[in-house]
Amino acid sequence: MHNSRRLRKYAVTGLCAAAGFVTMAFCAPGQGHAATEQSLELIDFGKDYIGTPYKIGGSSTASAFDCSSFTQFVFKSDGIKLPRTSTAQAKVGTKVDKGSLSVGDLVFFKTNGRSISHVGIYAGNNQMLHSSSSKGVVLTSMNTSYWQKSYVTARRVKL
């Protein structure tokens, strides 16, 4: 068990370094940011809860989540306190352009047609980790027409 954690840490560090080199080599200045070891660990922690059921108004316990209680729970594991609702979470941290998303950024959507009503955590490669009302915690492509038309903004919370 202890050795597998050590190997996982080395793998995360290697991935982080590789992402940094790729970003420096291929991204224009101001576009994209390399994932950090901390942001990759945040995503790994969140992925441990894939399959956890959705529950509207879910608390930030590991038994069931709504979208904002899931992000609150995951960030709390890293000592970061987020507000309870997606609307309130959209005011935390600094605004990030969609073209500059980095692993660990909060991504916000207008799924009710009126205002911010959904939040997920950007996981890289145009994917987000979130609690879906139909499937619970999942990793989802943000490239679908549904998520593209619903996208509102993103925020970077200092990890």
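What follows is a short chat about the fold of this predicted model.

Me: Before we start, what is the numbering and what limits apply to the model?
Reply: Residues are numbered from 1 along each chain as its sequence is written, and the model is predicted, so local features need pLDDT of at least 70, side-chain atom pairs count only at pLDDT 80 or more, and totals for chains, interfaces and linings use all residues. Side-chain values use heavy atoms, with hydrogens and water left out.

Me: OK, how many helices and strands are in the protein chain?
Reply: Five helices and six strands. Both are DSSP runs numbered from the N terminus: helices are H or I with at least four residues, strands are E with at least two. From the N terminus on, the order is α-α-α-α-β-β-β-β-β-α-β.

Me: And how much of the chain is buried?
Reply: 43% of the 159 residues. Buried means under 20% relative accessible area, exposed means over 50%, and partly exposed is in between (1.4 Å probe, protein chains only).

Me: Now the sheet. What's the strand order?
Reply: β1-β6-β2-β3-β4-β5, in an open sheet of six strands with antiparallel pairing. Two strands pair if DSSP finds at least two bridges between them.

Me: Which strands stand at the edges?
Reply: β1 (94–95) and β5 (136–141). Each has a single partner strand, so one side of each is left without a neighbour in the sheet. For β1, there are two bridges to β6 (residues 151–156), in the antiparallel sense, and K95 has R155 of β6 as its bridge partner.

Me: How many bridges join β3 to β4, and how many join β4 to β5?
Reply: Three join β3 to β4, and six join β4 to β5. Both pairs run antiparallel. G124 stands opposite Q127 in β4, while S132 is bridged to G136 in β5.

Me: How many residues sit between the strands in those hairpins?
Reply: Two between β3 and β4, three between β4 and β5.

Me: Is N125 buried or exposed?
Reply: N125 counts as exposed, at 72% relative accessibility. N126 is at 34%, so N126 counts as partly exposed.

Me: Switching to helices. At what angle do α2 and α3 pack?
Reply: About 125 degrees, with the axes 9 Å apart, for α2 (residues 37–47) and α3 (residues 67–76). That makes α2 oblique to α3. Axes are lines fitted to C-alpha atoms, for helices over the stretch in contact, and angles run from 0 to 180 degrees between N-to-C directions. Under 35 degrees counts as roughly parallel, over 145 as roughly antiparallel, 65 to 115 as roughly perpendicular, and the rest as oblique.

Me: Which residues make the contact?
Reply: L42, F45 and G46 on the α2 side, with F70, F73, V74 and F75 on the α3 side. Contact means heavy atoms within 4.5 Å. The residues there divide into six nonpolar, one polar and no charged. Ala, Val, Leu, Ile, Met, Phe, Trp, Tyr, Cys and Pro count as nonpolar, Asp, Glu, Lys and Arg as charged, and the others, Gly among them, as polar.

Me: Where do these helices sit on the sheet?
Reply: α2 lies across β3 (118–124), β4 (127–132) and β5, at about 120 degrees to β3. α3 touches β2 (106–109), β3, β4 and β5, and its direction makes about 45 degrees with that of β3.

Me: How many residues of α3 are buried?
Reply: Nine of the 10, so α3 is largely enclosed by the rest of the structure. The buried residues of α3 pack against α2, α4 (86–89), β2, β3, β4 and β5. In β4, five of the six residues are buried, so β4 is largely enclosed as well.

Me: Last one: what does S68 touch?
Reply: R84, T85, S86, Q89 and V119, not counting residues up to four places away in sequence. S68 is in α3 and is buried, with a relative accessible area of 4%. Its C-alpha is 9.0 Å from that of T87, 19 residues apart along the chain.
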